[in-house]
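Here is a friendly briefing to read with the model open beside you.

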Amino acid sequence: MTAIDLAREAAELTEFWSQRVLAEANGNLFKVAKGIGSTNWHRHDDQDETFLLLSGRLRIRLRTGDVELRPGDLYVVPRGTQHCPVADEEARFLLIGPAITSTAAGGKPSWSAEGGGGPSST
């Protein structure tokens, strides 16, 4: 086993708001992702969703107010909480959670399908 370069793995992603599993430990998946624009509002009834921001800025919109993340920040969206991640410019992050998901698309916007380059490319 070798060390995983999170920055390189995130840079290689071709689709926004998609995830690539990098590792698994104790029933949790460690997934790298990148985003720009906004996801759709969604929630995960069966798990918390943990964000660790690697680069850029990420705003996690919640019905009760927004949480702003900067590189190195960690935030846990509690299970069942509606949320909508937003990145005004490209953000790269690590998601940590159990090897299950209640929302297959994870709120992914329709423009991101098939390698969509961002909200302005539609």
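Let's start with F51, which touches L58, I60, L69, D73, L74, Y75, V77, P85, F93, L94 and L95, leaving aside residues up to four places away in sequence; a contact means heavy atoms within 4.5 Å. Please keep in mind that this is a predicted model, in which local features need pLDDT of at least 70 and side-chain atom pairs count only at pLDDT 80 or more, while totals for chains, interfaces and linings use all residues. Residues are numbered from 1 along each chain as its sequence is written, and side-chain values use heavy atoms, with hydrogens and water left out.

- Strand β3 (residues 49-55) pairs with strand β6 (residues 74-77) through four bridges, and the two run antiparallel; strands count as paired if DSSP finds at least two bridges between them.
- In this pairing, F51 stands opposite Y75 in β6.
- Strand β3 is also joined to strand β7 (residues 83-98), by five bridges and again in an antiparallel way.
- Here the residue opposite F51 is L95 in β7.
- F51 belongs to the largest nonpolar core, which has 15 residues; F51, L53, L58, I60, L69 and F93 are the ones with the most contacts inside it.
- A nonpolar core is a set of buried Ala, Val, Leu, Ile, Met, Phe, Trp, Tyr and Cys residues joined through side-chain atoms within 4.5 Å.
- At least two residues of this core come from each of β3, β4 (58-62), β5 (65-69) and β7, and β7 gives the most, with four residues.
- As a general point, nonpolar side chains in soluble globular proteins tend to be buried together.

**The chain as a whole**

- Helices (H or I, at least four residues) and strands (E, at least two) are DSSP runs, numbered from the N terminus.
- Of the chain's 122 residues, 38% count as buried; buried means under 20% relative accessible area, exposed means over 50%, and partly exposed lies in between (1.4 Å probe, protein chains only).
- Among the contacts with a separation of 6 or more, 66% are between residues 24 or more positions apart.
- The accessible surface comes to about 6,600 Å², and carbon and sulfur atoms hold 48% of that; these areas come from the Shrake-Rupley method with a 1.4 Å probe, and for residues only the protein chains shown count as cover.

**Salt bridges**

- How many salt bridges does the structure hold? There are nine, each being a side-chain nitrogen of Lys or Arg within 4 Å of a carboxyl oxygen of Asp or Glu.
- E9 forms one of them with R20, with the closest N and O atoms 2.9 Å apart.
- Because E9 lies in helix α1 and R20 in strand β1, this pair ties together parts that are 11 residues apart in sequence.
- E9 is buried at 14% relative accessibility, whereas R20 is partly exposed at 27%.
- R20 also forms a salt bridge with E12, where the closest N and O atoms are 3.7 Å apart.
- R8, E9, E12 and R20 are linked in a network of salt bridges.
- R79 forms a salt bridge with D48, and their closest N and O atoms are 3.7 Å apart.
- R79 sits in the loop between β6 and β7 and D48 in the loop between β2 (28-38) and β3, so this pair ties together parts that are 31 residues apart in sequence.
- Both partners are partly exposed: R79 has a relative accessibility of 47%, and D48 has a relative accessible area of 29%.

**The loop between α1 and β1**

- E12 is placed in this loop and is partly exposed, with a relative accessible area of 40%.
- E12 and K34 are 22 residues apart in sequence, and their C-alpha atoms are 9.8 Å apart in space.
- E15 is found in the loop between α1 (6-11) and β1 (19-25). Is E15 buried or exposed? E15 is buried, with a relative accessible area of 17%.
- The side chain of E15 makes a polar contact with the side chain of S18 at 3.0 Å.
- A polar contact is a pair of N or O atoms within 3.5 Å; within protein, one must be able to donate a hydrogen and the other to accept it, and residues adjacent in sequence count only if both atoms are side-chain atoms.
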